[in-house]
Amino acid sequence: MTATHSTRMLVLGSGPAGLTAAIYGARAGMAPIVVQGMQPGGQLTITTDVENYPGFKDVIQGPWLMEQMQAQAEHVGARMMYDSIVEVDLSQRPFRLIGDGGTVYTGDVLVIATGASARWLGLESENLLQGKGVSACATCDGFFYRGKKVVVIGGGNTAVEEALYLTNHSQDVTLIHRRDSLRAEKILQERLFAHPNIKVLWNKTVERFVGDGDPEGLVGVELRDTETGALSTIDTDGAFVAIGHSPATEIFRGHLRLDSEGYLDVETGSTRTSVPGVFACGDVMDKVYRQAVTAAGTGCMAALDAERFLAEADFVMEPA
């Protein structure tokens, strides 16, 4: 027999955005159910040192932070479901979602916090050295490379912005791009080329990240020239892969309005999506900041928006 779980507030995703929404929703009496998805805890579960989340003077560990957020959400009344959604029906309320084992979830409101994942190069050495010199977020990890040599891989807006940001910490930043021109906006390119601490290596792809992962970590990057095929190696302390992000929105295609890059489209200044009663928060709708603290902030916004929506809907439904 197929199990069905019903709630006032259904939350998809259990990163900082989803768990913050669940905390606020539970405190508002909406008894939220959180469907945790393929990666319970979100991106922070694969992040080691976290130094920029407010409230902790010492460096904390990403997995520990997410354990604490989940425990707090459960303490105030949220329920966690270890499941992944494979089908959605947003045509009417309550919204109906189906997990990969057939379990049915219904919610009077839906908060989507499925996040976005960084695109990686797909190299074995990249996987070995993630968190040990290889990163996909300069804003998160650039501080750890103060006064050190760093490289950025990519040629779009993200890569150029990361390179410019890293000059706050490093006097030796190299941008590596596989073509002979950048895709980034012209104004960003002008700032990049004018910066004295940034150099660009054209027509190069990363063949391998050099290092053994433990204890020394990354020590260099092996490059292949896309025109000649020649190999070369440059020394570096940190490498930032900046080739874009992929929001986890495929299941909502055709149900909710997405922008040109696949992120959920929300009303400016709110978390409301194109379907009344459906809200989006965190990296699934934010392609600019992508920080744990901003994700948590929009999770709070989503819960407050959902609470107001239900209050208005309940008022309309009350008999005269």
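## How two helices cross

Helix α1 passes helix α2 in a left-handed crossing, a term used when the near helix is turned anticlockwise from the far one by less than a right angle. The contact (heavy atoms within 4.5 Å) is made by P16, L19, A22 and I23 of α1 together with M66, M69, Q70, Q72 and A73 of α2. These contact residues divide into seven nonpolar, two polar and no charged, where Ala, Val, Leu, Ile, Met, Phe, Trp, Tyr, Cys and Pro count as nonpolar, Asp, Glu, Lys and Arg as charged, and the others, Gly among them, as polar.

The model is predicted, with pLDDT of at least 70 needed for local features and 80 or more for side-chain atom pairs, while totals for chains, interfaces and linings use all residues. Residues are numbered from 1 along each chain as its sequence is written, and side-chain values use heavy atoms, leaving out hydrogens and water.

## Angle and distance

Helix α1 covers residues 16–27 and helix α2 residues 62–75, and they pack at an angle of about 25° with their axes 9 Å apart; angles run from 0 to 180 degrees between N-to-C directions, and axes are lines fitted to C-alpha atoms, for helices over the stretch in contact. The two helices are therefore roughly parallel to each other, as angles under 35 degrees count.

## A three-stranded sheet

An open sheet has the strand order β14-β15-β16, with antiparallel pairing; strands pair if DSSP finds at least two bridges between them. Its edge strands, β14 (204–211) and β16 (231–235), each pair on one side only.

Strand β15 (residues 218–225) is joined to β16 by five bridges, and G220 has D235 in β16 as its bridge partner.

Definitions and conventions
Helices (H or I, at least four residues) and strands (E, at least two) are DSSP runs, numbered from the N terminus. Angles under 35 degrees count as roughly parallel, over 145 as roughly antiparallel, 65 to 115 as roughly perpendicular and the rest as oblique.
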